[in-house]
Amino acid sequence: MIKRPRRLRGSENVRRLVRETRVDVHSLIYPMFVIEGENICEEIPSMEGQYRYSVDRMGECLEELLAAGVTSVMLFGIPKVKDEVGSQAYAEDGIVQRALRYAKEHYPQMYLITDVCMCEYTSHGHCGVLCDHDVENDETLKLLAKTAVSHAKAGADMVAPSDMMDGRVAAIRAALDEAGFTKVPIMSYAVKYASAFYGPFRDAAGSAPSFGDRKTYQMDFHNAREGVKEAILDEEEGADIIMVKPAMSYLDMVTKVKEAVNTPIAAYSVSGEYAMVKAAAKMGWIDEKRIIAEMAVAVYRAGADIYLTYFAKEIAELIREGYIG
Ligand code: PBG
């Protein structure tokens, strides 16, 4: 036999030598929830091990991340007051804006990315302003642009629109540039599917739509070419990074989008993916650590350069141990 693939699997040394996928702690982004109020660090029932932090306690989380070597976070805000137009999304003293100022001052070594969307801030839970029970695209663009600028003013290093309105990357780029934030990159949730995997997040952020669903703006999960189209459009509009979301059931899209655009590719392993792992592990039905490792490596193997995951700290630990990477 001339070809014996097992030769390169004979020892841990040779296996590590020929590894095709390398995982780097610096490519991890940890999504975290900040909530209005004081002295709050409350566990999210559907996401065991994940918490909502008030600004005065978010440092606890940031310190743990930094200690683990994770230096990027994605901030989600949970406001006290919601209204029709989501005005707390772009309020100067909004929850994300206050969290940004606090984190910038106390943890300058942390890279702060913000989710730009309306659904946590609107009384109806949709990702923009409504007209006849549907989200009005072009009116929403103005509010998204305003939100992005207010985040940049408060210290955001990068903004990440997740609303799925058409033309939002161009609108946000123009507004950021006009306000002098030419250096703030945009990571676009470009290939974002209408997905049941967001269930626990909506619970965590209280952002489930009060009627209907998000199918008129988020993508139909039957479609792949449409995802490539979205990625190309957002690259043309000036997106610096293109994201695919969810991750686990959409790895084909990570690979396809990687070939279609020349930006770095991010994949977001969302709340439902996290919750499934946690629940099965709690039942003793899976080995949590090994599952986390496989899920993470699969995302990079599919072509992702960046991985957003609630398991960021655990993955950092797996890399440090040499278990993956
Ligand atoms: C806001 C937003 C959502 C998520 C990220 N940004 C929720 C949604 O679209 O319903 C989901 C993240 C997760 O499930 O972990 N639009």
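**Questions on the predicted model**

User: Is Asp163 buried or exposed?
Analyst: The model is predicted. The relative accessible area of Asp163 is 0%, and the cut-off for buried is under 20%. Asp163 is therefore buried.

User: Which backbone nitrogen lies 2.7 Å from a polar atom of the side chain of Asp163?
Analyst: Setting aside residues up to four places away in sequence, Asp163 touches Val116, Cys117, Cys127, Leu144, Arg168 and Tyr217. The polar atom of its side chain has a backbone nitrogen 2.7 Å away, that of Met165.

User: How many disulfides does the structure hold?
Analyst: A disulfide needs two cysteine sulfur atoms within 2.5 Å. From the sulfur of Cys61 the closest cysteine sulfur, in Cys41, is 8.4 Å away, which is too far for a bond. Cys131 is in no disulfide either, with the nearest cysteine sulfur, in Cys127, 17 Å away. The number of disulfides in the structure is zero.

User: Is Cys131 buried, partly exposed or exposed?
Analyst: Cys61 has a relative accessibility of 1% and counts as buried. For Cys131 the relative accessibility is 41%, and values between 20% and 50% fall in the middle class. Cys131 is therefore partly exposed.

User: Which residues of helix H2 are buried?
Analyst: Helix H2 spans residues 58-68. Cover for its buried residues includes strand S1 (28-35), strand S3 (47-54), strand S4 (72-78), helix H3 (95-106) and H11. Just after H2, Gly69 has a positive phi of about 95°. The buried residues in H2 are Met58, Gly59, Cys61, Leu62, Leu65 and Ala68.

User: What share of the ligand's exposed area does the protein bury?
Analyst: The ligand is surrounded by 19 residues, and the closest are Lys192, Arg202, Lys245, Ser271 and Tyr310. Oxygen atoms of the ligand lie 2.9 Å from a side-chain N or O atom of Gln218 and 2.6 Å from one of Ser271. A nitrogen atom of the ligand lies 3.3 Å from a polar side-chain atom of Ser162. Taken alone the ligand exposes 400 Å², and the share buried by the protein is 100%.

User: Is the peptide bond from Lys245 to Pro246 cis or trans?
Analyst: Pro246 is in the loop between S10 and H8. The omega of the bond from Lys245 to Pro246 is near -10°. The peptide bond is cis.

User: Is the pair of Tyr193 and Tyr250 stacked, tilted or edge-to-face?
Analyst: Tyr193 is in the loop between strand S9 (187-192) and helix H6 (199-205), and Tyr250 is in the loop between strand S10 (241-245) and helix H8 (251-260), so the pair joins parts 57 residues apart in sequence. Both tyrosines, Tyr193 and Tyr250, are buried. Their ring centres are 4.5 Å apart and the planes are at 25°, where under 30 degrees is the limit for stacking. The pair is therefore stacked.

User: How are the rings of Tyr274 and Phe311 arranged?
Analyst: Tyr274 is in helix H9 (residues 271-282) and Phe311 in the loop between strand S12 (306-309) and helix H11 (312-321), so the pair ties together parts 37 residues apart in sequence. Tyr274 is buried at 2% relative accessibility, and Phe311 is buried at 4%. With 4.6 Å between centres and 40° between planes, the arrangement is tilted.

User: Which aromatic residues do ring pairs link into a cluster?
Analyst: The count of aromatic pairs is eleven. The cluster linked by ring pairs consists of Phe33, Phe76, Tyr189, Phe201, Tyr268, Tyr274, Tyr310 and Phe311.

User: What is the phi of His133?
Analyst: His133 is in the loop between S6 and S7 and counts as exposed at 63% relative accessibility. Asp132, in the loop between strand S6 (130-131) and strand S7 (134-135), is exposed at 73% and has a positive phi of about 50° although it is not a glycine. His133 is not a glycine either, and its phi is positive, about 65°.

Terms used
Residues are numbered from 1 along each chain as its sequence is written. This is a predicted model: local features need pLDDT of at least 70, side-chain atom pairs count only at pLDDT 80 or more; totals for chains, interfaces and linings use all residues. Side-chain values use heavy atoms; hydrogens and water are left out. Buried means under 20% relative accessible area, exposed over 50%, partly exposed in between (1.4 Å probe, protein chains only). A polar contact is a pair of N or O atoms within 3.5 Å; within protein, one must be able to donate a hydrogen and the other to accept it, and residues adjacent in sequence count only if both atoms are side-chain atoms. Contact means heavy atoms within 4.5 Å. A residue is near a molecule or strand if one of its heavy atoms lies within 4 Å of it. Accessible areas come from the Shrake-Rupley method with a 1.4 Å probe; for residues, only the protein chains shown count as cover. Rings of Phe, Tyr and Trp (its six-membered ring) pair if their centres lie within 6.5 Å; planes under 30 degrees apart count as stacked, over 60 as edge-to-face and the rest as tilted. Helices (H or I, at least four residues) and strands (E, at least two) are DSSP runs, numbered from the N terminus.
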